[in-house]
Amino acid sequence: MNRVAVIGGGAWGTALAQVAARAGRETILWAREDDVVRAVNADRQNPVFLPDIDLDPNIRATGDLAELAGCDLWLVVTPAQHMRAVLEQAPRCEAPRLLCSKGIEERSGKLLHDVAAEASPGAPIAVLSGPTFAHEVARGMPTAVTLAAKDTDLAETLRTALAQPAFRMYVSDDVAGAEIGGAVKNVLAIAGGVVEGRALGQNARAALIARGFAEMTRFGMAFGARPETLAGLSGLGDLVLTCSSVSSRNYSLGKGIGEGQAASDLMADRKTVAEGAFTAPVLARLAQAHGITMPIVDAVADLLEGASVDRVLEGLLARPPRPEGV
Ligand SMILES: NC(=O)C1=CN([C@@H]2O[C@H](COP(=O)(O)OP(=O)(O)OC[C@H]3O[C@@H](n4cnc5c(N)ncnc54)[C@H](OP(=O)(O)O)[C@@H]3O)[C@@H](O)[C@H]2O)C=CC1
Ligand SMILES: O=C(CO)COP(=O)(O)O
């Protein structure tokens, strides 16, 4: 695992390139934008997506996917909705794909490990997910994540390749669990931002996290996730992080909605990705098709469609009480 490719020159791809380089790997960062490639190679910076962080000299950027062919490991860090297209354009090779994006493909309703398996036939698949603001990871601040692969030997090999004291990877074989936690928490983080933007208070935030986690667990268990994975770093851990901080793009999108701005205007203005906005409609659709009750996820999907915050909130508070639990 000497040569590592990172596919995606956004904040998270750049931070993970730092992780790979710090682990002593020769690291190639693929970015679509020429400005990002130039700035990484010339200035050791990514001012577009991860400003004010000096990048490791072991990172080289490229705009040419063909250069990734000789790498031993690919970290896939594109926005979820672009993963299939980028992997299909990339050269065929059997290097393991470590998927680091969070989301559900909107048009197919598939989890990303299924998308990657279809787009990269023959390549082993693993997933990395957890509470990880890119700017903290890039600065080497202590962070812990879930690294999941059905083949636990593969998970161990990847963990060893990227290991360092401040980036702790907990190995799991629950791929669906690791992915579902990351995808669902992005939607719930938008709701967390609405609570903040509408000044609904700290009690409401705690209620949202607890009842949101019940929704995540209901959905996850219906799709093969294990409850202990959902209660771990990639589920509850990431939910708590992104429901508590404007460093989360999903939370800040929700905060704007809570303050009365139109979701469509907020989305049109942003260059960075708020995955929850793309996951919410497909998650609501999947939940409905499988008879899984997810009122907070439905509420976020409605808000993104332009429903009024007051009406959505009224609807949630008017729900008949039910026994607590999943
Ligand atoms: N930021 C974070 O803290 C974390 C993010 N993640 C996940 O990582 C994934 C990537 O997020 P992040 O790095 O933050 O993204 P950013 O918002 O920082 O950057 C946007 C990224 O999207 C890429 N992009 C835009 N349009 C396309 C396209 N048509 N095809 C391919 N790529 C495109 C950009 O590529 P280009 O540079 O070429 O324009 C850029 O890499 C998401 O799924 C996110 O949920 C997970 C954990 C932490
Ligand atoms: O996934 C993340 C932290 O774990 C980043 O959250 P946002 O995408 O909401 O910024």
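Okay, ground rules. Residues count from 1 along each chain as its sequence is written, while chains are lettered from A and ligands numbered from 1 in the order in which they are written. Since the model is predicted, local features need pLDDT of at least 70 and side-chain atom pairs count only at pLDDT 80 or more, but totals for chains, interfaces and linings use all residues.

Residues 4-154 are 30% helix and 21% strand; residues 174-307 are 74% helix and 0% strand. Helices (H or I, at least four residues) and strands (E, at least two) are DSSP runs, numbered from the N terminus.

Now, the core. A nonpolar core is a set of buried Ala, Val, Leu, Ile, Met, Phe, Trp, Tyr and Cys residues joined through C-beta atoms within 7 Å. Buried means 20 or more other C-beta atoms within 10 Å of a residue's own, exposed means 12 or fewer, and partly exposed is in between, with C-beta atoms placed from the backbone. The largest core has 105 residues, and Val6, Leu75, Val76 and Val300 touch the most other members. Helix α7, residues 175-197, gives the most, with twelve. Where does this core lie relative to domain 1 and domain 2? Between them, because both domain 1 (3-173) and domain 2 (183-317) give residues to it. Those bounds come from an automatic or database domain assignment.

On to ligand 1. It has 27 residues around it, the closest being Gly10, Trp12, Arg32, Ser101 and Thr272; the cut-off is a C-beta atom, placed from the backbone, within 6 Å. Helix α1 (residues 11-22) gives the most to this shell, with three residues.

Last stop: Gln81, in the loop between β4 (73-76) and α3 (83-89). Is Gln81 buried or partly exposed? Partly exposed, because Gln81 has 19 C-beta neighbours inside 10 Å. Beyond four places in sequence, Gln81 is in contact with Gly103, Glu105, Glu106 and Phe278, where contact means C-beta atoms, placed from the backbone, within 7 Å.

Terms used
Two residues are in contact if their C-beta atoms, placed from the backbone, lie within 7 Å.
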